[in-house]
Amino acid sequence: MASLTPFSHSHSHSLLKMPNVRPPPPPSFFSSFILKDFPYSKTLSLKLPRMVTRNVVVSATTAEKPRKRYPGEAKGFVEEMRFVAMKLHTKEQAKEGEKEVKQPEERPVQRWEPSVDGYLKFLVDSKLVYDTLEGIIDKAPFPSYAEFRDTGLERSEKLAKDLQWFKEQGYTIPEPSSPGVTYAEYLKELSEKDPQAFICHFYNIYFAHSAGGRMIGKKVAEKILDKKELEFYKWDGDLSQLLQNVRDKLNKVAESWTREEKNHCLEETEKSFKYSGDILRLILS
């Protein structure tokens with residue numbers, strides 16, 4: 001029979017005494033997230049998946065936020081281009097204009113003092129730009145350019161007739177000057193490597209001429225050409241329908257662009273205005 005004699009106090013104390021072992025230091029914040037440091041940690045293996053799941057939920061929630069809408073976007077990309085272009089006009093030029101008048105050609109046309117020589121320079125440089133544009137569209141280094149062949153907006157042949165008329169009146173036709181040459185070269189380079197930026201110039205050149213350009217032509221003709229209407233300001237067919245046809249084509253082409261490519265096109269608008277403004281200023285030279 002086992003003895004029921006109790007242990008002595010000293011003996012029990014020696015058996016119950018804990019070993020003198022220091023507990024391990026708590027893991028640092030950084031290392032607590034590294035599984036390899038604690039391969040047997042059940043706590044870590046349970047917590048980490050919850051953290052990952054929570055991150056995924058946040059990302060999904062962020063992705064579901066409505067995308068930013070751009071002015072005019074609901075009506076198509078041409079309306080976006082028009083909105084940006086209008087902002088670069090002065091208040092005198094367009095009610096949506098925000099630009100301050102700084103250059104002579106930005107003043108109201110009624111206050112212009114054009115000269116025939118200056119106007120001829122403008123027409124010659126304009127023809128070089130239209131020759132370049134229409135040549136690029138014809139060759140179509142990017143397939144989308146072919147959409148804009150034979151739109152009825154072409155101006156090169158019309159300008160050739162006008163320059164011939166001036167020559168018959170005894171005027172000497174000048175060679176293209178720096179503004180036109182510079183713009184034509186820029187368009188050639190752009191068309192071969194940056195279709196979105198090129199389309200921006202295409203749109204602004206043709207559409208600006210059909211609007212403000214016509215008004216300028218009329219006022220200049222009243223002052224120096226005895227109100228003669230040049231071929232440059234005439235179109236075969238209904239102009240409003242020709243413009244709508246090109247709007248539809250532009251919207252169709254832009255449908256395949258990413259949002260970034262569309263923004264890149266819009267950002268080119270200011271350069272288009274600068275180059276065209278340099279040519280327009282020739283009228284006052």
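Let me start with the rings. Y119, F122, Y130, F148, F202, Y206, F232 and Y233 form one aromatic cluster. Keep in mind that this is a predicted model.

Now the overall layout. The protein chain has 10 helices and zero strands. Buried residues account for 37% of its 285 residues. Take the contacts between residues at least 6 apart in sequence: 74% of them join residues at least 24 apart. The accessible surface is about 18400 Å², and carbon and sulfur atoms hold 56% of that.

Next, the core. The largest nonpolar core has 59 residues, and Y119, F122, L123 and L250 touch the most other members. Which elements give two or more residues to this core? They are α3 (77-87), α4 (116-139), α5 (156-168), α6 (178-193), α7 (195-224), α8 (239-254), α9 (259-267) and α10 (269-280). The largest share, 12 residues, comes from α7.

Look at L123. Leaving out residues up to four places away in sequence, L123 touches L159, L163, F166, L230 and F232. Two of those names, F166 and F232, come back in a moment.

Back to the rings, pair by pair. The count of aromatic pairs is 15. One of them is Y130 with F232. That pair is edge-to-face, 5.9 Å centre to centre, with 80 degrees between the planes. What does the pair tie together? Y130 sits in helix α4 and F232 in the loop between α7 and α8, so the pair links parts that are 102 residues apart in sequence. Are these two buried or exposed? Y130 has a relative accessible area of 4%, so it is buried. F232 is at 1%, so it counts as buried too.

A second pair is F166 with Y171. These rings are also edge-to-face, at 5.8 Å centre to centre and 65 degrees between the planes. F166 is buried at 0% relative accessible area, whereas Y171 is partly exposed at 34%.

Charges over rings come next. K228 lies over the face of W165, 4.6 Å from the ring centre. The charged end of R259 sits over the ring of Y70, at 3.8 Å from its centre.

S272 is in helix α10. Why call it buried? The cut-off is under 20% relative accessible area, and S272 is at 1%, so it counts as buried. Its contacts, not counting residues up to four places away in sequence, are Y183, H201 and N204.

Key:
Residues are numbered from 1 along each chain as its sequence is written. This is a predicted model: local features need pLDDT of at least 70, side-chain atom pairs count only at pLDDT 80 or more; totals for chains, interfaces and linings use all residues. Side-chain values use heavy atoms; hydrogens and water are left out. A nonpolar core is a set of buried Ala, Val, Leu, Ile, Met, Phe, Trp, Tyr and Cys residues joined through side-chain atoms within 4.5 Å. Buried means under 20% relative accessible area, exposed over 50%, partly exposed in between (1.4 Å probe, protein chains only). Helices (H or I, at least four residues) and strands (E, at least two) are DSSP runs, numbered from the N terminus. Contact means heavy atoms within 4.5 Å. Accessible areas come from the Shrake-Rupley method with a 1.4 Å probe; for residues, only the protein chains shown count as cover. Rings of Phe, Tyr and Trp (its six-membered ring) pair if their centres lie within 6.5 Å; planes under 30 degrees apart count as stacked, over 60 as edge-to-face and the rest as tilted. A charge sits over a ring if NZ of Lys or CZ of Arg is within 6 Å of the ring centre and within 35 degrees of the ring normal.
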